[in-house]
Amino acid sequence: NGAAKLVAEGRVEADLDDSSTTVRAYVVTNAGAREPVAMEPTATDSNGHYRLESTTELSAGSHVLIEATDGTSEAAVVLLVEADGEMTVEPINAETSLEAVVFESLVASTSCDACSHEAIRASVEAEAAATFAIGAQSAATLSDVSASLEARIDAEATVLTNDSASAFNAY
C-alpha cells in the first residue's frame, strides 16, 4: 500500500556539520553486519532534526542502526524496532555512537550469541563515552571496552546458569 512501515524521528547532537549531515538506517543482522533499509538518505534541518521513512517492513524486536554523517565524521544510535514501526529516537551523540560501535562489534563476535543492545547500553559508562567524544578512540580503546563488556556479559551468564542449575537441583 506504500504506507511507511518505518518512521523514525530524532535529532543529531553529535559534532557534525548540520548543513551537510544526512541520516540513513541499517538493520543490524545477527552476524553484526549492516543491511541498508530501502530509503533515500535524509538531510537534517539546521537544528539537526530528521525524519526517516521507509516502506520496508521490519520485524519487531530487530535492531536498527541510525547513522548520521556529514561526509567527514559519523555518529550513530541503535534502536529496537517496536511493533508499530514508529519510533522516536534518542538524540545521536558520542555516547550513543560508542554504544553502536560496541554493539556491532559484540554481535559480530562469536562469543556473544545473546548480546542485547539494552545490556550493552546499561554497561557503557559516561567515562568511556567521554573518551570517545574527545577523539581518543582507537582500535585498542574500542577493543578494551568490547572485551570488558564481553567479560561482564559472560560472567552474568555464568551466574544466571549457576542460579538456574541451583534452583533446578533444589526443586
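The following questions and answers look at how terms apply to a predicted model of one chain.

User: What should I know before reading the numbers?

Analyst: This is a predicted model, where local features need pLDDT of at least 70, side-chain atom pairs count only at pLDDT 80 or more, and totals for chains, interfaces and linings use all residues. Residues are numbered from 1 along each chain as its sequence is written, and side-chain values use heavy atoms, leaving out hydrogens and water.

User: What makes up the chain, and in which order do the elements run?

Analyst: The chain has four helices and eight strands. Helices (H or I, at least four residues) and strands (E, at least two) are DSSP runs, numbered from the N terminus. From that end the order is β-β-β-β-β-β-β-β-α-α-α-α.

User: Why is the pair Glu 9 and Arg 51 called a salt bridge?

Analyst: A salt bridge needs a side-chain nitrogen of Lys or Arg within 4 Å of a carboxyl oxygen of Asp or Glu. Here the N to O distance is 2.6 Å. That value is within 4 Å, so the pair qualifies. The two residues sit in distant parts of the chain: Glu 9 is in strand β1 (residues 6-11) and Arg 51 is in strand β5 (residues 49-54), 42 residues apart.

User: How many salt bridges are there by this rule?

Analyst: The count is five. One of them joins Glu 13 and Arg 11, at 2.6 Å from N to O. Another joins Arg 51 and Glu 53, where the closest N and O atoms are 2.6 Å apart. Shared partners link Glu 9, Arg 51 and Glu 53 into one network.

User: Are Glu 9 and Arg 51 called buried, exposed or partly exposed, and why?

Analyst: Buried means under 20% relative accessible area, exposed means over 50%, and partly exposed lies in between (1.4 Å probe, protein chains only). Glu 9 has 37%, so Glu 9 is partly exposed. Arg 51 also has 37%, so Arg 51 is partly exposed. Glu 53, at 43%, is partly exposed.

User: What about Glu 13 and Arg 11: buried, exposed or partly exposed?

Analyst: Glu 13 has 39%, so Glu 13 is partly exposed. Arg 11 has 32%, so Arg 11 is partly exposed.

User: How do you know whether Glu 99 is buried or exposed?

Analyst: Its relative accessible area is 3%. The limit for buried is under 20%, so Glu 99 is buried. Glu 99 lies in helix α1 (residues 94-108). Its C-alpha atom is 7.4 Å from that of Val 77, 22 residues apart along the chain.

User: Where does Ala 94 lie, and is Ala 94 buried, exposed or partly exposed?

Analyst: Ala 94 is in helix α1. Its relative accessible area is 24%, so Ala 94 is partly exposed. The C-alpha atoms of Ala 94 and Ala 14 are 6.2 Å apart, although 80 residues separate them along the chain.

User: What makes a group of residues a nonpolar core?

Analyst: The group is a set of buried Ala, Val, Leu, Ile, Met, Phe, Trp, Tyr and Cys residues joined through side-chain atoms within 4.5 Å. The largest such core has 23 residues. Those with the most contacts inside it are Val 12, Ala 25, Tyr 50, Leu 52, Ile 66 and Ile 92. Strands β1, β2 (22-28), β5, β6 (63-69) and β7 (74-80) each give two or more residues to this core. A second, separate core has eight residues, including Leu 65, Ala 76, Val 78 and Ala 100. In soluble globular proteins, nonpolar side chains tend to be buried together.

User: Which residues does Tyr 50 contact?

Analyst: Contact means heavy atoms within 4.5 Å. Leaving aside neighbours within four places in sequence, the partners of Tyr 50 include Ala 8, Val 12, Val 23, Ile 66, Val 89 and Ile 92.

User: What is Asp 70 in contact with, and where does Asp 70 lie?

Analyst: Asp 70 lies in the loop between β6 and β7. Asp 70 is buried yet has no salt bridge. The side chain of Asp 70 reaches the backbone nitrogen of Thr 72 at 2.9 Å. The backbone nitrogen of Ser 73 lies 2.8 Å from a polar atom of that side chain. Not counting residues up to four places away in sequence, Asp 70 touches Leu 16, Asp 17, Ser 20 and Thr 21.

Methods: Lys and Arg count as positive and Asp and Glu as negative; His and the chain ends are not counted. A polar contact is a pair of N or O atoms within 3.5 Å; within protein, one must be able to donate a hydrogen and the other to accept it, and residues adjacent in sequence count only if both atoms are side-chain atoms.
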